[in-house]
Amino acid sequence: MRPACMYLTGAAAPRSAARDIDAPLVNALHGIQSALNPQSPQASAIAELAWLLIGGAAAIFAVVMVLAALAVWRHPRWLGSRNAIVIGGIAVPMLVLSGLLVHSVTRMGGLTDRGDASLRVEVVGKQWWWRVRYLTASGATDFETANELRVPAGSSVEVALASDDVLHSFWVPNLAGKLDLVPGRVNRLRFTATNTGTWRGQCAEYCGGPHALMAFHVIALPVADFERWAERQRAPAATPPPPAFTAHCAVCHTLRGTPAGGDRGPDLTHVGGRIALAAGILPNNRQAIATWITSSQHVKPGNLMPSFRTLPAVAVAELAAYLEGLE
Amino acid sequence: MSDERALPLPNPGPRPAGEVEELRRIWAAPKGLRFLTVINNNYIGVLYVGAAFLFFVLAGILALMMRTQLAVAENDLVGPTLYNRLFTMHGTVMMFLFAVPVVEAMGVLLLPNMLGARDLPFPRLSAYAFWAYFIGGTVFFASLFVGWAPAGGWFMNPPLTTEYFSPGFNEDFWLLGIGFIEISAIAGAIEIIVGVLRTRAPGMTLARMPLFAWAMLVFAVMIILAFPAVILATALLELERAFHWPFFTAEAGGDPLLWQHLFWFFGHPEVYVIFLPAAGMVSMIVPTMAGQPLAAQRLVILALVATAFLSFGLWVHHMFATGIPGISLAFFEAASMAVAIPSGIQVFAWIATFARGRVRLAVPTLFVLGFLFIFVLGGLTGVMVAAIPFDWQAHDTYFVVAHLHYVLIGGMVFPLFAAFYYWMPYTSRFPLSERVGRWVFGLLFAGANLTFFPMHVLGLAGMPRRVYTYQSGLGWDAINLASTAGAFVIAAGVLLFLVDVARRFRMSAEDNAGDVWGAGTLEWLPGGNYSNRSIPVVTGRYPLWEQPGLAKDVEEGRYYLPNAPTGTRETILTSPLEATPQVLMRMPVPGWAPQVAAFFTAAFFMLLTVKLVWLAAACGLVAVGALLHWGWSLDPPPLPDAVDIGGGIRLPAYASGPTSQAWWAMAILMLTAASLYACAIFSYLYLWLVAPGTWPDASALPRSSYPVVSAVLLVASSAAFGSANGSLARGATPAPAIAAAIVLALAGFGTEFASHLAVDPRASAYGAVVHLFVLLGGFFVAVAVVLAAFAMARRLAGKLDRVRRVTFDNARIFWHYVVAQSLVGLLLLHGFPRLAAP
């Protein structure tokens, strides 16, 4: 096991329900990263289609296998006829597939509808984290955060997906199907979280190195809580950073309201208020922050932040305490 | 179907003694170290299958390493760097070094005997393709051991694979290694097309041709049309990596999705390229095991052709999640679903054949039944992922990993094992053990389902593919552990199979175990390296069932060509549709040229990969030298008299023009070139569509006098070659006219080259794609010039005249093709921007 053990956030109600149940299928049906546990109209529409497909495929599979077994062991005459081939191989598949085509294309139309969204967020995929910008009505940046989307439950959210390095894919299976982040393009994804809760997402298009460790969370909040959170996010950092931050961190990280304005890594202005660190990999507490600073290459091999091994323990402790306090 | 008529035998009388010994001597494999020069299909086929199976085992070991890493959550046995290389190599080796080569190899091994030919029409080309593949593949695999293995995934999506994000040689190994192995696949495909269309036994019309030959014909045509797309794609990416031509860089007007279009235009047909030959094998095994002709043979053939056709229209279903607008996606969804129908036809035809007969449950039958189970399931999940909204969830998850393994293991590996058990007695002194075979089947069937079925659940439960580790608590742990256990069950099955092969397989064409199944097709005739003693007349689809005494008559030389009248290796060229004998084709004997050429071609590409440019160039020169040496021995002198093959048929022993096998090979090569060029045109238009802003206005284009001059020079060069043809036909020397054609073509190309000098290929995608066309134009002109110069040299050496003229004819048709292609290029580069300018 890794010393800095990976972790899963504890905020989700559906997950705690699933935790006590061992059967994998049941877990899949209740997971916080599962397409079979839909938590939005968009994901529900796909999940219904999925069950229809699973049921249909199982039925067809059973029929074909029974026919094959009959052919080998019972040799019924009708099964050897040309008509059997034409009916089983052409007529029935054509009927079934035509129906399915119409059904799924209609369903796709419903999923790509473009009404007005009540919240617009831009997500930029980076090797191996997510830059998240909340946008104002005019499209300007309202505030920036990372690896976490908080959304008001019951409201429609549009996520504008972009990348300035390689391909990524934005996937929160409980809320929507995946959509790629393609350099040079902006793709738009729409979902409405039905309930409050915490859902996990993960990059689904291989992006090199620690692609496996590029996760994020979507937290659906009651509208009032969301507004309070957004208000807090707009504020600058509460206190000035310790000298070690300016010396070592500011070149890559921004703390709004301070001279630290680096752009290569996540904006840390309110890092203490996030539920996870390192793109959904570590819990967010003082110990984990210290571990991440000193051994980020061990926790997430190949990521673009160096391990600050030689930083004095006092400075690390001071940094960790400071960052934890940035709520 | 069989029109049973008592045909008179072509050579009814007793044959003179010593003919069989003569055939044996002529077709004997070289001994000792010279065995490496062997070219006969029986040997090359076995070596080829063996090498491909070796890569199957190696890639399987990589899979075991991955499954071990994923057995438990948060495992740190394998880190991301190695894991990323493992899955890249596993996919790449399985697809490019195992799946395609092994079916091509089965074609090399089986086709000549199945068609009643003595060998494939270009045995040295098979040898070249095999050795190039084997050497290149081995070096490619070895890149793992020195840390140079690629890590871009088997479809190598840029920008991750561009130099900026993946510096070092690793991705170059993929690009040059695989691009090169594709060339070997194309060489094999040309061989197979000409073999199937031109070397069938007399009377074997297309309708009587065995299903496997039909499948291989469709397979080879698909390779010809699809593989150039990936060759072009790898060339573009290598140009971007090495010289910074921004085809895939968005800031300069390129687009990463261009790669995905080109790759999947190849990549999806590739799946059917793998499946169709396997389906063809099943269509051979099922009738034998049921003791009945295949039901609805014509429908099954139609299904093969329809699959090929449709498979070119559904590449975008790999790109449903890239944000392409819904309306165009719906078209590809429809095509993706439609392709299920031809597979349905075949499945029901096999079921119907079983229903008509008494089924023998031998090991090949078990594997066929296992194939039906796994493949039908994989096909059904294929329909599921074709439903676009569902794909948005399933894409790039373990659901897709499950689906593709069901399709490939079901659709290809199980039929292949069925084929190994079925055809082992054809190529070995002993068949494989039925008792051990049942265990092998049981382990593979249980293992495959245990490994891959749970992955369906895993994917829908949120696990993406290509992750080197995962967190506990997401409901994935137990499923992963089960899957890993399954992988080791598969490994046990493969190991058991290898043990049985080691015990039982003793290669022999002469003393093979023979027709142990009571099959109906020609490959089960007794024979030797020369295939059959005499070449039978075929009157139906299952000659051994329908023509009593056929084996004995063939063996005693009562059919065509019971001997070797020209004293060397030979086979009968027949007409493509009706298979009437046309020419007695003399065939080459072993020599070192193909092997030397293969070794140095491989060395050229591999040294280029590690940027040892001068050494690579030296190897390239040796390779070209060996190829020219080989080419020099082509087109042997015509024989004055026609040769008697029996039955009153006398065949010329020399042919040129459309009757000759060389003309056919060149025509197919031109089709390959046209497909490559079409992909380049697609790239040009696509890049324009994505970023029309990087295209210059009419005023910034080269003056229109450039393309006009270039076109006039090129057309004049074609006319000059035409006049060379006239001279040759009159018996005069064509050399001066050829020389004029060369000068004119070089001047024409030079004009075009000069017209684009002001454009920087590194500045924009426009510049890059313009220079791509210049590069392609230069390459084709260079090849045409080499062929033309070669023909001139043949004339000077006295090896080219009005009768003996195959090298000239090949140069000539290629020349006209290159000129036509260049004119299209001029129209595109100079006409299109003027047309499209606002």
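**Sheet, hairpin and chain contacts in a predicted model**

In chain A, three strands form an open sheet of mixed pairing in the order β4-β10-β9; strands are DSSP runs of E of at least two residues and helices are runs of H or I of at least four, numbered from the N terminus, and two strands pair if DSSP finds at least two bridges between them. The model is predicted, so local features need pLDDT of at least 70 and side-chain atom pairs count only at pLDDT 80 or more, whereas totals for chains, interfaces and linings use all residues. Residues are numbered from 1 along each chain as its sequence is written, with chains lettered from A and ligands numbered from 1 in the order in which they are written.

The edges of the sheet are β4 (148–152) and β9 (197–202) of chain A; each has a single partner strand, so one side of each is left without a neighbour in the sheet. Neighbouring strands are turned by 20° against each other on average, direction ignored (axes are lines fitted to C-alpha atoms, for helices over the stretch in contact, and angles run from 0 to 180 degrees between N-to-C directions). β4(A) pairs with β10 (residues 215–221) of chain A in the parallel sense over 5 bridges, and Val151(A) stands opposite Ala220(A) in β10(A). Helix α5 (residues 223–234) of chain A packs on the sheet, touching β4 and β10 of chain A, and its direction makes about 135° with that of β4(A).

Chain B has 24 helices and 4 strands. Of its 838 residues, 62% count as buried, that is, 20 or more other C-beta atoms, placed from the backbone, lie within 10 Å of the residue's own. Strand β1 (residues 570–574) of chain B has 5 of its 5 residues buried. β1(B) pairs with β2 (residues 581–586) of chain B in the antiparallel sense over 5 bridges, with Thr571(B) opposite Met585(B) in β2(B). The two strands form a hairpin with 6 residues between them, and Ala579(B) in the turn has a positive phi of about 55°.

Between the chains, 73 residues of chain B are in contact with 78 residues of chain A, contact being C-beta atoms, placed from the backbone, within 7 Å. Helices that each supply at least two residues of this side of chain B include α3 (80–115), α7 (256–290) and α15 (477–504). The largest share, 12 residues, comes from α10(B). The residues of this side divide into 48 nonpolar, 18 polar and 7 charged (Ala, Val, Leu, Ile, Met, Phe, Trp, Tyr, Cys and Pro count as nonpolar, Asp, Glu, Lys and Arg as charged, and the others, Gly among them, as polar).

Definitions and conventions:
Two residues are in contact if their C-beta atoms, placed from the backbone, lie within 7 Å. A residue is buried if 20 or more other C-beta atoms lie within 10 Å of its own, exposed if 12 or fewer, and partly exposed in between; C-beta atoms are placed from the backbone.
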